[in-house]
Structure formats: C-alpha cells, structure tokens
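Me: Hi! Could you walk me through this one while I have it open?
Reply: Happy to, let's look together.

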Amino acid sequence: MEPPSTIVAHLAPDLDCIAAIWIFMRFGGAQDVTLRFVPAGATLDNLPADSDPSVVHVDTGHGRFDHHQRHVSTLSAAELVRRSIVSHDVALERMVRQVTIIDNGLPSERSGCDLGMLADSFNILYEDNPERVVELMLPALDAWYAHEVRQTHMAHAFAERIEFHTPWGRGIAVESPYGGSSMMAYRAGAVLSMYRHSGHGWMGIAAQARSNVDLRPLADKLAVIDANADWYLHPSHRLLLCGTAKAPAKRISRLSLRELIEVIELL
Ligand SMILES: [Mn+2]
C-alpha cells in the first residue's frame with residue numbers, strides 16, 4: 001500500500017497503538033507522516049475510518065487497522081498493520097506477537113521487556129502531549145526490534161553449535177556475528193557456554209552460576225599458550241573473556257573455537 005500522509009491514533013497512546021505507528025514509519029515508508037490523536041474509538045473529524053486513502057486510523061475508529069470490533073485476542077492494531085505491509089520478517093513477528101499478548105492482557109512469558117509499562121509511564125509525564133510519547137517510544141521500539149533480530153541470528157547460530165566435554169559437564173560453543181547466548185546454552189543443559197564473535201574476534205567462556213566450575217587453571221594455561229591475547233578472568237572465576245562490547249580487547253585471541261575447545265578438553 002501507499003504510505004499514508006496522516007496516521008490517526010488514540011489519546012494516551014499505548015504500546016499497541018505506538019507499535020502500529022512505528023511499523024508504518026519503519027516498514028511502510030511513512031517516515032514523514034503527520035500524527036493526529038482522537039479519543040479512543042473516535043475518528044478524525046468524525047468521518048468514517050478508511051474513507052480517505054491517505055489517512056489511516058490505528059487502534060481506533062473501527063477501520064481496517066483497529067481490532068476492537070473483532071473480539072479476537074490474537075489480534076492487535078500492530079498485528080493488523082504488520083500483516084498488511086510486511087510480508088516476512090521473523091524478528092518483527094516475534095515482537096508484534098508480544099505486543100498483541102500485552103494489548104490483550106494475556107499472561108506474558110517475557111517479563112523483562114515491559115515497554116507497555118514504559119508507554120504508560122510516558123503518558124503520565126506527557127499527559128497532554130501524545131505526540132511526544134510516540135516520539136520517545138520510537139527508539140525503544142527500534143532497540144526492541146534490534147534485540148529480536150539478534151535473537152533470531154543467535155537461534156540460527158545455536159542450531160549449528162558445537163557440543164564438547166569439560167571436567168565439569170557439558171560445554172556448548174557457538175560462533176556468530178553477535179557472539180553467543182549463555183542462556184540458550186544453559187537451557188540446553190550445558191554447564192559451560194563458549195562463544196566467538198565472528199565480527200570482532202572476541203571470545204568468551206561463561207559457567208553457570210550454580211556450578212563448581214573454576215576457570216583459573218584455564219586462564220593460567222591460556223596465559224602461556226595464548227600469551228598475546230587480552231584474556232580477563234572475572235573474580236568469580238566463572239567468566240573468562242577476551243574482548244566484549246564493554247571492554248573491547250586490544251589484542252584478540254588467535255585461537256579458533258575448535259582450538260580453544262581442545263585446550264579445555266585437555267585440562
Ligand atoms: Mn490495541
């Protein structure tokens with residue numbers, strides 16, 4: 001569809017409403033759209049929703065991007081917009097599924113990412129300025145999308161994981177442009193999670209918090225066989241890192257993931 005010139009949303013825009021606007025702006029070519037706000041349920045100038053093709057209503061007005069007349073808990077305004085303008089995007093689908101769950105008040109498995117609360121809270125600060133609320137939420141949605149894109153990449157990389165033996169139990173190693181996810185490794189029963197960040201060449205080894213892993217002997221060994229790399233042993237002895245976004249290594253390891261596994265297997 002052609003990008004709309006005006007998007008009509010409801011006052012005190014919630015996460016669903018803002019996500020619907022965000023999808024139009026980021027995926028539907030509507031970067032320079034004019035936003036208008038009406039009481040929830042109403043339409044712009046009381047004209048029927050969808051009567052003007054350059055004006056879309058999201059989450060209000062009972063038009064094609066409002067879900068309130070449909071009474072289906074698998075729908076939201078964001079989901080209707082996504083279906084109509086984005087054909088295939090796994091990260092976006094994951095994200096909008098959460099928006100729909102939150103919008104319908106269904107129990108969510110994802111407690112950490114409460115952007116619904118953030119939108120509600122901006123509406124406290126900017127009660128009379130819904131446009132400001134949307135403006136502040138857009139980068140948060142960009143960040144959430146980036147997170148989902150990374151999760152999608154990590155899931156692919158995890159499917160290609162290497163499993164190996166350590167003195168403490170199973171190890172899982174992953175190489176990807178985003179490093180690896182120790183959560184994924186632990187969930188799969190690993191006690192040791194290892195990754196290589198293919199872009200920067202950073203490497204890291206993490207052990208489950210409730211384990212008896214001590215990475216000190218490995219750190220000592222690496223200090224000899226990989227002496228030119230900036231390996232850092234965390235005081236807990238459960239984290240051994242050579243380069244992270246927080247502390248980029250000046251000298252990365254020359255070892256490959258396979259070579260590092262061999263060192264661990266020979267401990
Ligand atoms: Mn909604």
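This is a predicted model: local features need pLDDT of at least 70, side-chain atom pairs count only at pLDDT 80 or more; totals for chains, interfaces and linings use all residues.

**Helices, sheet and loops**

Me: Thanks. And how far apart are the end C-alpha atoms of helix 3?
Reply: They are 20 Å apart. Helix 3 has 14 residues, 90–103, and at 1.5 Å a residue it should span 20 Å, so the two values agree.

Me: Which residues of helix 3 are buried?
Reply: Leu-92, Met-95, Val-96, Gln-98, Val-99, Thr-100, Ile-102 and Asp-103.

Me: And what covers them?
Reply: The cover includes helix 1 (15–27), helix 2 (77–85), helix 4 (115–125) and helix 5 (130–159).

Me: Let's take helix 2, then. How do the axes of helix 2 and helix 3 cross?
Reply: They cross at roughly 155 degrees and come within 8 Å. An angle over 145 degrees counts as roughly antiparallel, so that is how helix 2 and helix 3 run relative to each other.

Me: Which residues meet there?
Reply: From helix 2, Ala-78, Glu-79 and Arg-82; from helix 3, Leu-92, Val-96, Val-99 and Thr-100. By type, the residues of this contact are four nonpolar, one polar and two charged.

Me: Switching to the sheet: what is the strand order?
Reply: The order is 4-5-6-7-9-8, in an open sheet of six strands with mixed pairing. Strand 4 (162–166) and strand 8 (232–233) are the edges, each pairing on one side only.

Me: In which sense do strand 7 and strand 9 pair?
Reply: Antiparallel, over four bridges, with strand 7 at residues 203–207 and strand 9 at residues 239–242. Ala-206 stands opposite Leu-239 of strand 9.

Me: What does helix 8 touch on the sheet?
Reply: Helix 8 (residues 257–265) touches strand 4, strand 5 (169–176), strand 6 (192–197) and strand 7. Its direction makes about 20 degrees with that of strand 4.

Me: Last topic, the loops. Where is Asn-46 found?
Reply: Asn-46 lies in the loop between strand 2 (34–38) and strand 3 (55–57). Its phi is near 60 degrees, a positive value in a residue other than glycine.

Me: Is Asn-46 buried or exposed, and why?
Reply: Exposed, because Asn-46 has 8 C-beta neighbours inside 10 Å, and 12 or fewer counts as exposed.

Me: And what about His-71?
Reply: His-71 sits in the loop between strand 3 and helix 2, with a positive phi near 55 degrees. His-71 is exposed, with 7 other C-beta atoms within 10 Å.

How values were computed: Residues are numbered from 1 along each chain as its sequence is written. Helices (H or I, at least four residues) and strands (E, at least two) are DSSP runs, numbered from the N terminus. The expected span of a helix is 1.5 Å times one less than its number of residues. A residue is buried if 20 or more other C-beta atoms lie within 10 Å of its own, exposed if 12 or fewer, and partly exposed in between; C-beta atoms are placed from the backbone. Two residues are in contact if their C-beta atoms, placed from the backbone, lie within 7 Å. Axes are lines fitted to C-alpha atoms, for helices over the stretch in contact, and angles run from 0 to 180 degrees between N-to-C directions. Angles under 35 degrees count as roughly parallel, over 145 as roughly antiparallel, 65 to 115 as roughly perpendicular and the rest as oblique. Ala, Val, Leu, Ile, Met, Phe, Trp, Tyr, Cys and Pro count as nonpolar, Asp, Glu, Lys and Arg as charged, and the others, Gly among them, as polar. Two strands pair if DSSP finds at least two bridges between them.
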